[in-house]
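Hello,

Here is the structure I promised to hand over. Please open it alongside this note and follow the residues as you read.

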Amino acid sequence: MLRTFREHHIRTSELLDGPWDFQKDPCNEGLEEKWYERFPQAAQSMYVPACWNNELNLYDYEGVAWYRKTIRIEETQHVRLIFHAVLGHSDVYLDGKHLGYHYGGYTPFEFVIPSLTAGEHELVVRTDSTLDRLTIPTEHVDWFHYGGIIRSVELQRLPDLYIEQLKIDYELNGSDADVLIQARIRSLSQAELTTTLTLSEGGREIHSEQVTVDAGQSVSCKVRLNWTDVRLWNVGQPELYSIHARTDLDDKVERIGFRRIETKDHRILINGTPVYLKGVNRHEEHPEWGFAFPPKLMHKDLDIILELGCNSVRGSHYPQSPYWLDLLDEHGIVFWSEIPMWGAFLPNETVSEPLFQERALSMIGEMVSLHYHHPSVVFWSVHNEIDSRTQEAYGMTQHLVRLVKELDASRLVTYATMYPLEDVLLPLFDVVGINKYYGWYEGDVDGFKAMLQQFHEHAERMGAGDKPVLMTEFGGAGIFGDVGWEPRLFSEDYQAQIVTEALAIFRNDPKIGGTYIWQFADVRGDLKSDGKYFRDRARSFNNKGLVNEYRKPKQSFREVRRMYRSWNDQT
Ligand code: ADA
């Protein structure tokens, strides 16, 4: 299931999920040997969506792998193929012809194939999960180097005139909304065609017009409406509106929520009211599924996060599934969305590389377009822990922030810094996130107090003293089941102690607007026996979860639940 609601009532689609033929290509011979025309015999079967690393004998395979699926088309028709997420580089071929290339990992890409003839067709995907110095993330990243087609592949059937995009924007004035609905209708026909575009909300028609589209062209229809007394979406008050666009033979549903986001006095305001963000960092990862995280488990994650008393989640460190965001929309939970630029070991030269920047920009564009209508998304984050002390970082960040603002001026632009006291990027952002691990990687928990005092002074000097500051990462490892009489390193007791002490410090600092504990659940780490990074990751996991990888609570979970539940949502 891709969404919690139906996106189409007229347009038909099917998921190509299930077993595909699979062949790894460790020596990268497939291109030369034209596997896109002649797929090798020895292929094994691989379930889509999945990470191949979860299958036997493929645990640490990083590199090129090929997938093939034969599809049957009953009658000649226009087809839209959507790959909802494939890790790394992907090349897609249909009947031996190259449809296109995509680089990314957590956002969809698509191909429209006009008049695909009735009969059988061979769909081949070449993927490459290799991480290097110019990929995002680069090769040194603190999560497992998974590969594969991690979200569904969808085949939609399109009529001659189809709704290519439905975009909804609004300006709020109190509880009145000036709504702008834009529907782009594209023609796949050789002739001029006319259709009726109808818009409705909650079953009530709100607009109708005739639209004529020239052969092979598209038309953008803009509809402005004034709605009075809209029900506002808020934390814990998930008021949602579904807008249904219909043409004679096609349709599309988008769901929105009305809310206004601002910052004032170091706080995030939603609809004019300050919200203190009680959050966790969540990887969309599980040892059995990797990043191909099934919807059923999203419900469980949500239940646990609600039980914990959270009102916010940071989607560390990549755009998470629309199904997950639907759930957050439906429960009034604030979400932080980010691209997978993970910088703790990112060399400065990489930051200035045009290809690296180009990839970052396209990932931002795709993230914003994927999550645009979710009211839960309050923050767009452009990077995590890059060396934010340098002019190179400043140069790149300016481009990234400018793009986000152009694409969406209604939300807050942010990032997470690991160099709060020397950071030169502060003035570029609406909100600053700080990642620090006193009590774990450095000193003891009390170190937060002095650091924050110095940070606030630094922010003042940089002209950024009025911005909200969120503690976006802090915590320590606790191995599930390791409990005792004294809080030793790696015990549940020690983890619970440093997390709760840190939370108490942050709650007493009026300039801190919220906390995101690192992290919700334990996740697989990237450990190499010959590598120098992440050597402290016992069991090959990052063990800083409040719950373990199977979502069993540690002592820290119970302690944080006690604190988060006793804190007011407002300040
Ligand atoms: C960083 C990083 C996280 C994780 C964490 C840790 O702050 O952003 O992804 O690696 O440190 O556990 O050390």
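The charged end of arginine 389 sits over the ring of tyrosine 419, with 3.7 Å to the ring centre. This is a predicted model, so please read every value as computed from it.

Take phenylalanine 22 and tyrosine 67. Their ring centres are 5.1 Å apart and their planes stand at 75 degrees, so the pair is edge-to-face. Phenylalanine 22 is in strand S2 (residues 18–24), and tyrosine 67 is in strand S4 (residues 64–73). The pair therefore ties together parts that are 45 residues apart in sequence. Elsewhere, ring pairs join Tyr59, Tyr106, Trp143, Phe144, Tyr146, Phe291 and Tyr318 into a cluster.

Now the nonpolar cores. The largest has 83 residues. Those with the most contacts inside it are Trp324, Met341, Phe448, Met471, Leu503, Phe506 and Ile517. Helix H7 (residues 492–507) gives the largest share of this core, 7 residues. A second, separate core holds 27 residues, including Trp52, Tyr61, Val125 and Leu155. Leaving out residues up to four places away in sequence, methionine 471 touches Ile434, Phe448, Met451, Leu452, Phe506, Ile512, Gly514, Thr515 and Tyr516.

Next, charges. Side chains of opposite charge can pair when their charged atoms come close. How many salt bridges does the structure hold? There are 44.

Start with aspartate 326 and arginine 3. Their closest N and O atoms are 2.9 Å apart. Aspartate 326 is in helix H2 (residues 322–331), while arginine 3 is in the segment before strand S1 (13–15). The pair links distant parts of the chain, 323 residues apart. Both residues, aspartate 326 and arginine 3, are buried.

Then glutamate 284 and arginine 282. Their side chains meet in a salt bridge of 2.9 Å, N to O. Glutamate 284 counts as buried because its relative accessibility is 1%. Arginine 282 is buried as well, at 0%.

Last, aspartate 522 and lysine 554. Their salt bridge has its closest N and O atoms 2.8 Å apart. This pair also links distant parts of the chain, 32 residues apart. Aspartate 522 is in the loop between strand S28 (512–517) and strand S29 (523–524). Lysine 554 is in the loop between strand S30 (541–542) and helix H8 (555–566). Aspartate 522 has 0% relative accessibility, so it counts as buried. Lysine 554 is buried too, with a relative accessible area of 0%.

Some salt bridges share partners. They join Arg3, Glu7, Lys252, Glu254, Arg255, Asp326 and Glu330 into one network.

Finally, the cysteines. The count comes to 0 disulfides. Cysteine 27 is exposed, with a relative accessible area of 57%. Cysteine 51 counts as buried, at 1% relative accessibility.

Best wishes

Conventions:
Residues are numbered from 1 along each chain as its sequence is written. This is a predicted model: local features need pLDDT of at least 70, side-chain atom pairs count only at pLDDT 80 or more; totals for chains, interfaces and linings use all residues. Side-chain values use heavy atoms; hydrogens and water are left out. A disulfide is a pair of cysteine sulfur atoms within 2.5 Å. Buried means under 20% relative accessible area, exposed over 50%, partly exposed in between (1.4 Å probe, protein chains only). A nonpolar core is a set of buried Ala, Val, Leu, Ile, Met, Phe, Trp, Tyr and Cys residues joined through side-chain atoms within 4.5 Å. Helices (H or I, at least four residues) and strands (E, at least two) are DSSP runs, numbered from the N terminus. Contact means heavy atoms within 4.5 Å. A salt bridge is a side-chain nitrogen of Lys or Arg within 4 Å of a carboxyl oxygen of Asp or Glu. Rings of Phe, Tyr and Trp (its six-membered ring) pair if their centres lie within 6.5 Å; planes under 30 degrees apart count as stacked, over 60 as edge-to-face and the rest as tilted. A charge sits over a ring if NZ of Lys or CZ of Arg is within 6 Å of the ring centre and within 35 degrees of the ring normal.
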